[in-house]
Amino acid sequence: MKEVKKQGGLNAEIQSRIGHQLRAMYDDVVRQGVPDRFAELIRKLDGPEEAAAQVGGETDKNSGGE
Amino acid sequence: MPLTNQLRDDILASVPSLRAFAISLSGNGDRADDLVQETLLRAIANIDSFQPGSNLPAWLFTILRNLFRSDYRKRRREVEDAEGNYAKTLKTQPAQNAHLEFEEFRAALDKLPQDQREALILVGASGFSYEDAASICGCAVGTIKSRVNRARSKLSALLYVEGAEDFGPDDTVRAVIGGNGG
């Protein structure tokens with residue numbers, strides 16, 4: 001039974017092509033790893049209180065120091 | 001649960017995929033990183049409500065997804081420059097043909113309704129199960145499945161069968177791929 005399903009236009013080749021492109025797009029970003037700003041942010045935060053103080057606080061630079 | 005060093009490491013380990021999710025959703029690298037930063041701050045601010053042993057990536061994705069939704073509502077009227085900004089976030093610029101194909105794909109993805117786009121990304125790219133994707137989006141598993149299916153068929157219509165009712169799959173695909181086989 002290798003009849004191609006034409007009705008939905010969803011043949012296997014197209015679907016695998018789409019899956020491929022989707023993952024390529026996504027993995028390209030994943031491969032960039034963790035930008036320094038996030039590594040520092042998580043390392044520097046003492047705990048929930050300090051994070052809460054910064055939530056939504058877009059008035060000035062989030063990292064504060066340097 | 002307290003913010004242990006282990007938990008910090010686990011959160012950090014999720015950052016690459018949180019960024020990929022944010023960029024896939026928003027199509028804009030700068031905005032995506034703002035979303036990730038806000039997600040991390042909120043996660044840590046609310047770390048007490050994280051259940052030890054439960055799925056940390058799913059919890060973080062839920063926060064990001066909800067932030068994106070509320071942010072999106074606010075910014076709905078702003079003009080977006082999805083492709084241009086997205087391309088800037090890429091480290092390795094794809095080769096010409098691949099780049100064109102990539103932009104077409106990105107543009108098609110942006111045409112999907114938000115519900116369908118996020119479902120497709122969570123299942124098709126992030127690798128979440130249908131169950132996890134459903135809990136991230138706060139809907140039923142069956143709903144996620146049907147969103148993913150609709151997203152796939154819409155993408156395939158946009159990319160490969162636009163305007164062609166009686167397409168020959170091979171020719172259409174090769175034309176779009178851009179002479180891959182030589």
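**The two chains and their contacts**

Biologist: How many residues does the contact take from chain B, and how many from chain A?

Modeller: Please note that this is a predicted model. In it, chain A contributes 34 residues to the contact, and chain B contributes 38.

Biologist: Which element gives the largest share of the side of chain B that touches chain A?

Modeller: Several helices of chain B give two or more residues to that side: H1, H2 (29-45), H5 (96-111), H6 (114-124), H8 (141-160) and H9 (169-177). The largest share, ten residues, comes from H1(B).

Biologist: How do the residues of the side of chain B that touches chain A divide by class?

Modeller: The charged residues on this side of chain B number seven, and the polar residues likewise number seven. The remaining class is the nonpolar one, with 24.

Biologist: What pattern does chain A follow along the sequence?

Modeller: Chain A has three helices and zero strands. Of its 66 residues, 21% count as buried. Read along the sequence, the pattern of chain A is α-α-α.

Biologist: Into which domains is chain B divided, and which elements give two or more residues to the side of domain 1 that touches domain 2?

Modeller: Chain B is divided into domain 1, residues 1-79, and domain 2, residues 93-182. Their contact takes ten residues from domain 1 of chain B and twelve from domain 2 of chain B. On the domain 1 side, the elements giving two or more residues are helix H1 (5-26) and helix H3 (56-75) of chain B.

Biologist: What classes of residue make up that side of domain 1 of chain B?

Modeller: The side of domain 1 of chain B that touches domain 2 of chain B has one charged residue. The others there are five polar and four nonpolar.

Biologist: Which residues make the contact of H6(B) with H7(B)?

Modeller: H6(B) passes H7(B) in a right-handed crossing. The residues of this contact divide into seven nonpolar, no polar and one charged. They are B:Glu118, B:Ala119, B:Leu122 and B:Val123 of H6(B), together with B:Tyr130, B:Ala133, B:Ile136 and B:Cys137 of H7(B).

Definitions and conventions: Residues are numbered from 1 along each chain as its sequence is written. Chains are lettered from A and ligands numbered from 1 in the order in which they are written. This is a predicted model: local features need pLDDT of at least 70, side-chain atom pairs count only at pLDDT 80 or more; totals for chains, interfaces and linings use all residues. Domain bounds come from an automatic or database domain assignment. Two residues are in contact if their C-beta atoms, placed from the backbone, lie within 7 Å. Helices (H or I, at least four residues) and strands (E, at least two) are DSSP runs, numbered from the N terminus. Ala, Val, Leu, Ile, Met, Phe, Trp, Tyr, Cys and Pro count as nonpolar, Asp, Glu, Lys and Arg as charged, and the others, Gly among them, as polar. A residue is buried if 20 or more other C-beta atoms lie within 10 Å of its own, exposed if 12 or fewer, and partly exposed in between; C-beta atoms are placed from the backbone. A crossing is left-handed if the near helix is turned anticlockwise from the far one by less than a right angle, and right-handed if clockwise.
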